[in-house]
Amino acid sequence: MRLKPILLVAAILTLTLVVILAVKQLATPQQLTVAEMKKQIEQSYNAEVLTLVEKSEHFVASFKQNGSIFEVSIDDETGQLSELVLIQQNSAPPAENKPEQQASQPQPPTVLTKQQAIDIALKEVSGEIDSVDFENTSDGGYYFVEVEQEHQEITVQIHAITGKILSIQSDD
């Protein structure tokens with residue numbers, strides 16, 4: 001009679017252990033391979049991956065697109081791309097494309113340079129440039145251009161892909 005409760009407790013403990021191990025195995029994210037990360041970058045940016053380096057909690061890839069060199073961070077578990085940074089701007093004029101090539105290959109967006117963001121801000125607000133900050137986001141990023149005027153500082157937020165002014169704020 002005493003054997004039945006002991007066997008029941010042992011069976012419950014064994015079943016609990018099996019369930020815990022199964023849940024843990026299912027919850028553990030699978031890491032992407034280097035080849036999968038390169039493919040993700042090549043497809044997302046229509047670009048040639050130059051390097052892919054492992055950092056502490058993510059990978060950093062550099063890639064070449066239309067003659068410009070960019071760096072992007074990639075999460076090796078989710079494949080999410082973030083922190084796109086322009087490293088070297090292509091200074092050569094774009095080559096003439098045939099119309100049928102242009103239609104078949106959509107061109108990925110190009111990030112504005114710091115100087116282009118300054119020029120856009122100064123067309124809207126006069127003054128002296130105090131600072132320029134770039135914040136990378138999933139939709140290309142933003143520049144925050146701070147323009148010093150006589151008695152106030154104006155912050156102009158500019159979309160880094162479209163060049164559109166998103167906001168102008170005054171700090172009195």
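Serine 167 is placed in strand β8. Strands (DSSP E runs of at least two residues) and helices (H or I runs of at least four) are numbered from the N terminus. The model is predicted: local features need pLDDT of at least 70, side-chain atom pairs count only at pLDDT 80 or more, and totals for chains, interfaces and linings use all residues. Residues are numbered from 1 along each chain as its sequence is written, and side-chain values use heavy atoms, with hydrogens and water left out.

Serine 167 counts as partly exposed, because its relative accessibility is 23%. On this scale, buried means under 20% relative accessible area, exposed means over 50%, and partly exposed lies in between (1.4 Å probe, protein chains only). Not counting residues up to four places away in sequence, serine 167 touches Thr155, Val156 and Gln157. Contact here means heavy atoms within 4.5 Å. Valine 156 is eleven residues from serine 167 along the chain. The C-alpha atoms of the two are separated by 5.9 Å.

Strand β8 belongs to an open sheet of four strands. Their order is β5-β6-β7-β8, and the pairing is antiparallel. Two strands pair if DSSP finds at least two bridges between them. β5 (128-135) and β8 (165-171) stand at the edges. Each has a single partner strand, so one side of each is left without a neighbour in the sheet. From one strand to the next, the twist averages 15°. Strand β7 (residues 153-159) runs antiparallel to β8 and is joined to it by six bridges. Isoleucine 158 stands opposite isoleucine 165 in β8. Helix α4 (residues 114-124) packs on this sheet. The helix touches β5, β6 (142-148), β7 and β8, and its direction makes about 50° with that of β6. Axes are lines fitted to C-alpha atoms, for helices over the stretch in contact, and angles run from 0 to 180 degrees between N-to-C directions.

The protein chain as a whole has four helices and eight strands. From the N terminus on, its elements run α-α-β-β-β-β-α-α-β-β-β-β. Of its 172 residues, 26% are buried. Among contacts between residues at least 6 apart in sequence, 29% join residues at least 24 apart. The chain exposes about 12,200 Å², and carbon and sulfur atoms supply 54% of this area. Accessible areas come from the Shrake-Rupley method with a 1.4 Å probe; for residues, only the protein chains shown count as cover.

Helix α2 (residues 34-45) has twelve residues. From its first C-alpha to its last it reaches 17 Å, close to the 16 Å expected at 1.5 Å a residue. The expected span is 1.5 Å times one less than the number of residues. Met37, Ile41 and Tyr45 are the buried residues of α2. Seen down the helix axis, they fall within an arc of 40°, so they line one face of α2. The arc is that of the directions from the helix axis to the C-beta atoms. The face turned away from this buried side carries the exposed residues Ala35 and Gln43. The buried residues of α2 pack against β1 (48-54), β2 (59-65), β3 and β4 (81-88). Asparagine 46 follows α2, and its phi is positive, near 50°.

Strand β3 (residues 68-74) contains serine 68. This serine is buried, with a relative accessible area of 5%. Serine 68 touches Phe63, Leu86, Gln88, Gln89 and Asn90, not counting residues up to four places away in sequence.
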